[in-house]
Amino acid sequence: MIIDCHGHYTTAPAEMEAWRKLQVQAIGHPGQAPSKASLRISDDQIRESLEGAQLKLQRGRGTDLTLFSPRASAMAHHVGDAETSRVWSELCNELVHRCCALYPDNFVGVCQLPQSPGVPPQTCVAELERCVKELGFVGCNLNPDPSGGYWKDAPLGDRWWYPLYEKLVELDVPAMVHVSTSCNPAFHTTGAHYLNADTTAFMQCLTSKLFQDFPTLKFVIPHGGGAVPYHWGRFRGLAQDLKLPPLKELLLDNVFFDTCVYHRPGIELLLKVVPVDNVLFASEMVGAVRGIDPETGHHYDDTRRYVDAIDLSESDRQKVFEGNARKVYARLRR
Ligand SMILES: [Zn+2]
């Protein structure tokens with residue numbers, strides 16, 4: 001079985017975006033905000049949005065199950081206030097839940113959190129709990145920078161975040177550390193902000209007591225860990241200079257990386273540098289990079305090809321494709 005731990009509902013029917021537009025227009029005029037019930041999307045529309053996209057690619061590439069979350073760039077936690085974010089997150093999560101209910105063999109839900117810049121993460125606990133306990137979701141996307149490229153909130157190791165971590169541990173679900181759209185013109189959303197954030201999150205973990213305080217908390221750092229594997233020696237050296245334990249002891253019971261690196265040498269490096277137990281298969285299809293690589297003739301995000309092509313023992317390949325995901329997303333076993 002092949003589990004893709006990183007997919008977003010990027011092909012949601014246009015009604016979703018239209019609803020969001022009305023919600024954003026109503027910011028500052030609470031009486032005009034659209035109700036959740038005013039969003040009308042039929043099951044057939046959902047089927048249509050998935051059949052020609054994620055499901056077609058799953059079948060074509062021979063992957064089985066996608067951990068599916070709302071479109072990351074559309075989380076846009078910086079828009080409006082905590083109430084804006086709460087309603088939008090609930091709506092996005094409910095739509096993903098409908099995808100999972102229509103295709104229970106193909107999708108399992110991962111939720112968006114109703115974060116808002118400057119608002120304590122405690123406010124996300126209720127939606128996390130609802131998604132896990134009532135909707136059967138197995139993880140969440142945690143935005144380390146709800147301000148969208150300006151990094152105004154405390155780093156991930158700060159106690160600011162602890163109430164949310166307590167709930168993640170209690171529910172036994174991991175967080176994928178995933179930013180949303182960049183509203184800082186210096187950072188392209190998927191080409192810079194995402195990768196910066198992955199690297200930044202790793203360093204925030206390194207310099208904090210986070211995993212001493214939460215020994216069972218698990219983070220998945222997507223997009224191959226940003227710059228982390230490539231600069232592994234730098235991070236090891238920094239930890240050493242700070243008189244910290246070796247990186248492996250310090251972080252690797254808790255921090256995992258996915259394979260959303262869109263070329264074979266990148267995945268080879270990842271698997272050479274990071275222990276195989278810490279790498280989870282993912283493609284983030286239909287996502288940031290949708291084209292075909294003229295050098296290979298295949299989609300850049302067809303990451304299964306890269307993992308298949310790498311010299312791994314069968315047991316290691318099974319870990320990357322399935323075993324590690326089952327370990328990290330413990331609720332998948334239920
Ligand atoms: Zn993503």
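**Exercise 1. Classify Lys319 by its accessibility, then describe the salt bridge it forms with Asp277.**

Solution. Lys319 has a relative accessible area of 27%, so this residue is partly exposed. The structure is a predicted model. Asp277, at 30% relative accessible area, is partly exposed as well. The closest N and O atoms of Asp277 and Lys319 are 2.9 Å apart.

**Exercise 2. Describe the salt bridges Glu322 to Arg326 and Arg130 to Glu127, and state where the partners lie.**

Solution. Start with Glu322 and Arg326, whose closest N and O atoms are 2.8 Å apart. Both residues belong to helix H13, with a spacing of 4 residues, about one turn of the helix. The limit for a buried residue is under 20% relative accessible area. Glu322, at 14% relative accessibility, therefore counts as buried, while Arg326, at 24%, counts as partly exposed.

Some salt bridges share partners: Lys36, Glu83, Arg86, Glu90, Glu94, Glu127 and Arg130 are joined in this way into one network. Within it, the side chains of Arg130 and Glu127 meet at 2.7 Å, N to O. These two residues are 3 apart in helix H5 (residues 125-134), which means that about one helical turn separates them. Glu127 is buried, at 5% relative accessibility. In the whole structure, a search finds 20 salt bridges.

**Exercise 3. Work out which residues coordinate the zinc ion and what arrangement their donor atoms make.**

Solution. First, list the donors: NE2 of His6, NE2 of His8, NE2 of His178 and OE of Glu284, at 2.0 Å. Second, check the angles. Four donors count as tetrahedral if all angles lie between 85 and 135 degrees. The 4 donor atoms here subtend angles of 100 to 121° around the zinc ion, so the arrangement is tetrahedral.

**Exercise 4. Determine which residues of helix H11 are buried, on which side they lie and what they pack against.**

Solution. Helix H11 covers residues 264-273, and its buried residues are Gly266, Ile267, Leu270 and Leu271. They span an arc of only 125° around the axis, so they are on the same side of H11. Their packing partners are strand S8 (255-258), strand S9 (279-280), helix H12 (303-309) and helix H13 (314-328).

Now take Thr259, in the loop between S8 and H11. Its relative accessibility is 0%, so Thr259 counts as buried. Beyond neighbours within four places in sequence, the contacts of Thr259 include Ile267 and Leu270, along with Val279, Leu280, Thr303, Val307 and Val320.

**Exercise 5. Find the residues that touch the most other members of the largest nonpolar core, and trace the contacts of Phe219.**

Solution. The largest nonpolar core has 76 residues, and those touching the most other members are Leu128, Tyr165, Phe202, Phe219 and Phe257. Helix H4 (residues 82-102) provides the largest share of this core, 8 residues. A second, separate core has 18 residues, among them Leu65, Val138, Phe256 and Ala282.

For Phe219, leave out residues up to four places away in sequence; the contacts then include Leu142, Leu156, Tyr165, Val177, Cys205, Leu210, Asn254 and Phe256. In soluble globular proteins, nonpolar side chains tend to be buried together.

**Exercise 6. Locate Val173 and decide whether this residue is buried or exposed.**

Solution. Val173 is in the loop between helix H6 (162-171) and S6. With a relative accessible area of 4%, Val173 is buried. Not counting residues up to four places away in sequence, Val173 touches Leu128, Val132, Val138, Gly139, Leu168 and Arg331. Finally, compare sequence with space: Val173 and Phe137 are 36 residues apart in sequence, and their C-alpha atoms are 8.8 Å apart.

Definitions and conventions: Residues are numbered from 1 along each chain as its sequence is written. This is a predicted model: local features need pLDDT of at least 70, side-chain atom pairs count only at pLDDT 80 or more; totals for chains, interfaces and linings use all residues. Side-chain values use heavy atoms; hydrogens and water are left out. Buried means under 20% relative accessible area, exposed over 50%, partly exposed in between (1.4 Å probe, protein chains only). The arc is that of the directions from the helix axis to the C-beta atoms. Contact means heavy atoms within 4.5 Å. A nonpolar core is a set of buried Ala, Val, Leu, Ile, Met, Phe, Trp, Tyr and Cys residues joined through side-chain atoms within 4.5 Å. Donors are N, O and S atoms within 2.8 Å of the metal (3.2 Å for Na, K and Ca); water is not among the atoms, so sites may look incomplete. Four donors count as tetrahedral if all angles lie between 85 and 135 degrees; four count as square planar and six as octahedral if opposite donors are over 155 degrees apart and all others between 65 and 115; anything else is irregular. A salt bridge is a side-chain nitrogen of Lys or Arg within 4 Å of a carboxyl oxygen of Asp or Glu.
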